[in-house]
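Visitor: I am new to this structure and would like to learn how to read it. Could you show me around?

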Amino acid sequence: MKAILIIAHHCILPGAYKGFEGILDKLHHDLPGTRVASTSLLDLENDLRTLLREDVESVTLLPFLLLNGQHTKNDVPRVVAKLQEEFPQIPITLMPCLGDWKEFSEMVVDGIRSAQIDDRTPADTGYRRKTKENNGIAEENHLSSKTSNLFSIELNLEGRNVLVVGGGRIALRKVKTLLPTGAHITVVAPQLDPEFTTIPSIVLKNRPYEPLDLRGIFMVFICTDKPAVNAQVSNDARARRILVNNACDYLDGDFIVPARMDFGENIAVTVSTQGRAPSLAKKLKQKIQSEWAEGLEQVERDFLH
């Protein structure tokens, strides 16, 4: 199997990897049978070594960078040369950075030409037209936020590796919710609630989060009160195509976890406010538990007997 590894700058700003993820999606779609992976300049050596240890026949590296500077002339080639010595049986091809591609310069010219055509009206008119379009998008997004665009599923996590970043009470609640699923749970945080040590079936890493913590992870729960850390975890996970739940910003995550209630042996009821009103979901859960429990359990008994 051939492999492609795309190298990007490391960035913690939310949404920074949107275009990068689009490239990954297109490669996955257009090159079936090819292993497509991504890394950052910081993680290049470790991620490339991991990839070379897999069943790959060759690796092509693409620096997702515009300028042919220190990184592309020295840093990346040095890592490639080192690992090529470690794995001489696997050819490693280093492509030029995007800024050195002839096709890239042509794309830039086409983009500017298109912009000039669009701006033939007076500048202020063009600005107002684009502002109106942008406002329309914002309004559409605002309206769509009032309706559900979430797809509700029940996910089998048995045997899956799940990472929880954070060591407070929110992280503890997430872990307790995950325990019955049979997932392999790892918690990483510089400070851990003492109750974590009473849970024998989880792995505790009492230190700050590191990008390498995402190796082999299927799903990550972000539960810290530090925006910079949350943004870094979110971007690192998306660059690796890992599902994200952000307890501090539900709009940043890929999914939310609804309030769940189990009745009898076979009935589970979930309540969701689409992440917008957790306190309301809690009240609804309490109401259902107090008013529905006996009736639902009787329905189960009647149905099974």
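Predicted model: local features only at pLDDT ≥ 70, side-chain atom pairs only at ≥ 80, totals over all residues.

Visitor: How many bridges join E1 to E3?

Guide: Six bridges join strand E1 (residues 2-8) to E3, and the two run parallel. To find your place in this pairing, look for alanine 3, which stands opposite valine 59 in E3.

Visitor: And how does E3 pair with E4?

Guide: E3 and strand E4 (residues 92-94) also pair in the parallel sense, over three bridges. In this pairing, threonine 60 stands opposite threonine 93 in E4. Between E3 and E4 the chain passes through helix H3 (residues 70-86), and this β-α-β crossover is right-handed.

Visitor: Why is E3 described as largely enclosed?

Guide: Five of the six residues of strand E3 (residues 58-63) are buried, so the strand is largely enclosed by the rest of the structure.

Visitor: Now the rings, please. How should I read an aromatic pair, and how many does the count give here?

Guide: A pair of aromatic rings is described by the distance of the centres and the angle of the planes. In this model the count comes to one aromatic pair. Phenylalanine 221 and phenylalanine 255 form it, edge-to-face, at 5.6 Å centre to centre with 90° between the planes.

Visitor: Which parts does the pair tie together?

Guide: Phenylalanine 221 lies in strand E8 (residues 219-222), while phenylalanine 255 lies in the loop between strand E9 (243-246) and strand E10 (259-263), so the pair ties together parts that are 34 residues apart in sequence.

Visitor: Is phenylalanine 221 buried or exposed? And what about phenylalanine 255, buried or exposed?

Guide: Phenylalanine 221 counts as buried, at 3% relative accessibility. Phenylalanine 255 counts as buried at 18%, because the cut-off for buried is under 20%.

Visitor: Which ring does the charged end of arginine 160 sit over?

Guide: Arginine 160 has its charged end over the ring of phenylalanine 218, 4.1 Å from the ring's centre.

Definitions and conventions: Residues numbered from 1 in each chain as written. Heavy atoms only, no water. Buried < 20%, exposed > 50% of the residue type's maximum accessible area, 1.4 Å probe, protein only. Helix = DSSP H or I, 4+ residues; strand = E, 2+ residues; numbered from the N terminus. Pairing = 2+ DSSP bridges. Right-handed = clockwise from strand over helix to strand, strands pointing away. Phe/Tyr/Trp six-rings, centres within 6.5 Å; stacked < 30°, edge-to-face > 60°. Lys NZ or Arg CZ within 6 Å of the ring centre and 35° of its normal.
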